Amino acid sequence: MKTAALTAAALAALTLPAFAQSTTMDGEMGADAPMPGADVAVMEQMDADADDFVTLAEVQAVFPEVQAEVFDEADVDADGLLNADEVVIAQADGLLPEEPADDSTDRG
């Protein structure tokens, strides 16, 4: 009985990372793929250097009202950058605006 329980626990631990990956609209799996519903327009607007990540400075260039504490809360993996998944989650949680900033406004 103990062996069966240990085997089940080991299998669960080995398969868990597969469930943590996000899925794209076409069903492709990958940690770097944006979640379904990702607001591509907002991400592209913030990602000034087009590296698929946004820094606090890039976010604040588009949304100056976003404070460092809010950015840090949105940065789930604490790497100092937001990826597309983190942006979507932050938007859903109300931490980041869901609409692109008005391009007619001079932010520079």
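The term pLDDT denotes the predictor's confidence in each residue, on a range from 0 to 100. In the present model, which is predicted, the chain has a mean pLDDT of 74, and 56% of its residues reach 70 or more. Confidence is lowest in helix H1 (residues 2-20), where the mean is 47, and highest in H4, where the mean is 97. Over residues 4-11 the pLDDT stays under 50, and for this stretch the model has zero contacts beyond four places in sequence. The pLDDT is also below 50 over residues 13-31, although that stretch has 20 contacts in the model beyond near neighbours in sequence. Where pLDDT is low, the predicted coordinates should not be read in detail.

The secondary structure of the chain consists of five helices and zero strands, so that the order of elements from the N terminus is α-α-α-α-α. Of the 108 residues, 27% count as buried. Among contacts with a separation of 6 or more, 43% involve residues 24 or more positions apart.

The largest nonpolar core comprises 15 residues, and those with the most contacts inside it are Met46, Val54, Val59, Phe63, Leu82, Val87 and Leu96. At least two residues of this core come from each of helix H2 (40-46), helix H3 (56-62), helix H4 (68-74) and helix H5 (84-92). The contribution of H2, three residues, is the most given to this core. The surroundings of Val54 can be described in turn. Apart from neighbours within four places in sequence, Val54 is in contact with Met43, Met46, Asp47, Val59, Phe71, Leu81, Leu82 and Val87.

Helix H2 also contains Val40. This residue counts as partly exposed because its relative accessibility is 46%, a value between the limits of 20% and 50%. The C-alpha atom of Val40 is separated by 9.7 Å from that of Pro100, a residue 60 positions away along the chain.

Helix H5 is mostly covered, with seven of its nine residues buried. These buried residues are Ala84, Asp85, Glu86, Val87, Val88, Ala90 and Gln91, and they pack against H2 and H4. The N-terminal end of H5 is capped by Asn83, a side-chain oxygen of which lies 3.0 Å from the backbone nitrogen of Asp85. After H5 comes Gly94, which has a positive phi near 80°.

Within H5, Glu86 was examined separately. Glu86 counts as buried because its relative accessibility is 5%, which is under the 20% limit. Polar atoms of the Glu86 side chain approach two backbone nitrogens: that of Val76 lies 2.9 Å from such an atom, and that of Asp77 lies 3.1 Å from such an atom. With neighbours within four places in sequence left aside, the contacts of Glu86 are Ala74, Asp75, Val76, Asp77 and Leu81.

Key
Residues numbered from 1 in each chain as written. Heavy atoms only, no water. Helix = DSSP H or I, 4+ residues; strand = E, 2+ residues; numbered from the N terminus. Buried < 20%, exposed > 50% of the residue type's maximum accessible area, 1.4 Å probe, protein only. Contact = heavy atoms within 4.5 Å. Core = buried A, V, L, I, M, F, W, Y, C linked by side-chain atoms within 4.5 Å. Polar contact = N/O pair within 3.5 Å; in protein donor to acceptor, adjacent residues only side chain to side chain.
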